[in-house]
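Please open the model in a viewer and keep the selection panel at hand. The stops below are taken one after another.

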Amino acid sequence: MASPSAPLSGPALAQALLRPRSVALVGVSDDLFKPAARPLQFLRRSGFAGAVYPINPKRGTVQGERAWPELAALPEVPEHAFVMTATEHVVGTLRECARLGVKVVTVLAGGFSEAGPEGQAREEALRQLSRETGVRVLGPSSLGVVHPSTGLILTANAAFAEPDLPRGKVFVASHSGSMIGALLSRGKARGVGFAGLVSVGGEADLSLGEICLATLDDPEIDSYVLFLESLRHGTQLQQFAREAARRGKPVIAYKLGRSEAAAEMAVTHTGALAGEDDVADAFFRGLGIARVDNLEALLEAPALARRIPLDLLHGNRTARVGVVTTTGGGAAMVVDQLGVRDVMVQPPSEETLARLARDGLPCTPGRVLDVTLAGANYETMKKVLAILLQAPEFDLVLAVVGSSARFQPQLAVKPILESADSRPGAKPLAAMLVPDAPQALVELTAAGVPCFRSPEPCADAIAAVLQRRQPGAAAASQPPRSGAGSFVSEAQAYELLQRLEVAHAPAVTMPLAEAPRELPFDFPVVAKVCSAQIPHKTEVGGVVLGIADARQLEQSFATLRRNLAERAPGVACDEVLVQPMRSGLMEALIGYRIDAEAGPVVMLAAGGIWAEVAQDRALRLAPVSLEVAREMVSEVRAFRSLAGLRGRPRGDLEALAQAVASLSQLAVRPQLGVAEAEVNPLMVLPEGQGVLAVDALVLQS
């Protein structure tokens, strides 16, 4: 076996994966109707210049070419091997590839982790071989890789029988093998070309994030499209996204899996509220990735993202889109869809309307600038676009074109082509064509103008791209959770809050078996059992509220002892925590936890008993800055009433944001060993008086 070496990574990995000088097709078929026959056909049709070695131990020729019986018989060690053998032969073939020194092996077969214990053992064998030998493995269940500019069509996906594959600067990485073919065909119809497409498969070794990271310095790639089934290998995906943002290469993602699986594993409200899809949203948002919900938008968004920098919007300002149209109905559909996604369609200012009037442009004013009365003609549209693109009230100008786009593109489409400016800092111009106008779409795409053919993907792409922000600070390396962890007592939880500078109500602990001593604060108070073994105190009758005097306090101790004996016999509890009763304008919940895939996340929600009922929350990757925490506060609808709405008292929302940012710092303090932490409720006091935690739950890893 070849000597173990450092795992291939970076540009060297990208070269062997996407630009190999030689390829072996292990298990290639002579039957042209079988998937295992396709790679040889595709490589020959595309004119791949590297060496191609068909390997089939049962035949001397395959598809009219010489076939070798085994890898060891080849005149050279291939750089990349595509293994298309049956599942039971894959591990042995990989072992042979490692012995010979093959750099990258793509595995087509399934039947691994998804196939029960036996399959999981096979996948672990692949992983172990890769670790021990340095051979990189793509898959299993990978349909292959495609690099159009070099003719590397190393895939069993039937869609790549398409002639004249479109070349461009979009790189596609997909968990689903079928999707690389779907995106290719859809892209070709739109004039969207690709720099590469990779079917990642089961990620036994190479992950989607690592592959994309390895290609970041490729000048042929200017944007990324990801089709995700999960956030597996989230650390590598995070690293890629941060580096892509630093290089100004936008990332667009479409993710499946809107499930509640994560909630079933939760031990706090935070876990229950922050389901898998909420965490995915926070993951993408925190990394500057534009997440779209529409497959068509996945291909349409990169052109728009290339024109809009991540830092276009500073602070918590809403993006403003100006819309000009030759069709009122078409524009109304777009405005409606943008509104659903909280994107503001900005009316022209008085100054802009005055400029239009001075130039004799008969536009119907309103939220949308309608040039229908002037007729769809080149001169009118060209002048209107020039004025709108200079207007300071717009972040983006969207031109919605009606029926002329199909047969008379010179009237409204041509001025869009001529008005678009791709220089850095220029205001972006996009177009939506209401009729089916494929030729106009191709011309707009070729010119680099973001363009759309239906309102839903148009609004989806615009909202996703405009809502991107620069990635926040990275969390510290977190130790993997090895089990459920253990809770600390409420008193110990308050000690943690003090270290994080999150204010909490005064509290004292007293022995449960003794009579209560004199309190350092006034009545009324609350008495609570205080034990790491009882995280959810109300479930065992462990809370007595509204204690008015010393006599009632002594009675409360007796009540707590009796309730524990009846509802939690044998559970260790020696202390009672006593606090003054506190109230505020509203209750909030702040939670922190380490997600298995996304890493540390922080959540803000309406607190108290309404936390799980209202489902009104904001979620981000932790840690968050104060600016991001303010953004989270603004997203929770319940807190809008604390902004002085209709004369109501103003709450200290700034202190609430500071508490969110402070708790999120657990992400950069792994030495504290906190897997989950939750303050619920956190009392929001009147403006200038801060916030106050009156209960806290901490789970140590």
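The model shown here is a predicted one.

Strand β12 (residues 223-228) and strand β13 (residues 251-255) run parallel and are joined by five bridges. Within this pair, Y224 faces V251 of β13.

Now move to another sheet. Its five strands follow the order β2-β1-β5-β6-β7; this sheet is open and its pairing is parallel. Because β2 (51-55) and β7 (136-138) stand at the edges with a single partner strand each, one side of each has no neighbour in the sheet. On average, neighbouring strands here are turned by 20° against each other, direction ignored.

Inside this sheet, select β5 (residues 80-83) together with β6 (residues 104-107): the two pair in the parallel sense over four bridges. V83 has V107 in β6 as its bridge partner.

Turn next to the side chains. Which residues touch the most other members of the largest nonpolar core? They are L25, F171, L226 and F240, in a core of 59 residues. Select L25 and display its surroundings: neighbours within four places in sequence aside, L25 is in contact with P39, L40, L43, V52, Y53, P54, I55, F82, M84 and L154. Another core, of 51 residues, lies apart from the largest one; its members include L304, V321, A331 and V400.

For the last stop, select helix α14 (residues 378-388) and helix α16 (residues 409-419). They pack at an angle of about 35°, and their axes are 8 Å apart. The crossing of α14 past α16 is right-handed. On the α14 side, the contact is made by Y378, M381, K382 and L385; α16 contributes Q410, L411, A412, K414, P415, I416, E418 and S419. Coloured by residue class, this contact divides into seven nonpolar, two polar and three charged residues.

Methods:
Residues are numbered from 1 along each chain as its sequence is written. This is a predicted model: local features need pLDDT of at least 70, side-chain atom pairs count only at pLDDT 80 or more; totals for chains, interfaces and linings use all residues. Side-chain values use heavy atoms; hydrogens and water are left out. Axes are lines fitted to C-alpha atoms, for helices over the stretch in contact, and angles run from 0 to 180 degrees between N-to-C directions. A crossing is left-handed if the near helix is turned anticlockwise from the far one by less than a right angle, and right-handed if clockwise. Contact means heavy atoms within 4.5 Å. Ala, Val, Leu, Ile, Met, Phe, Trp, Tyr, Cys and Pro count as nonpolar, Asp, Glu, Lys and Arg as charged, and the others, Gly among them, as polar. Two strands pair if DSSP finds at least two bridges between them. A nonpolar core is a set of buried Ala, Val, Leu, Ile, Met, Phe, Trp, Tyr and Cys residues joined through side-chain atoms within 4.5 Å. Buried means under 20% relative accessible area, exposed over 50%, partly exposed in between (1.4 Å probe, protein chains only).
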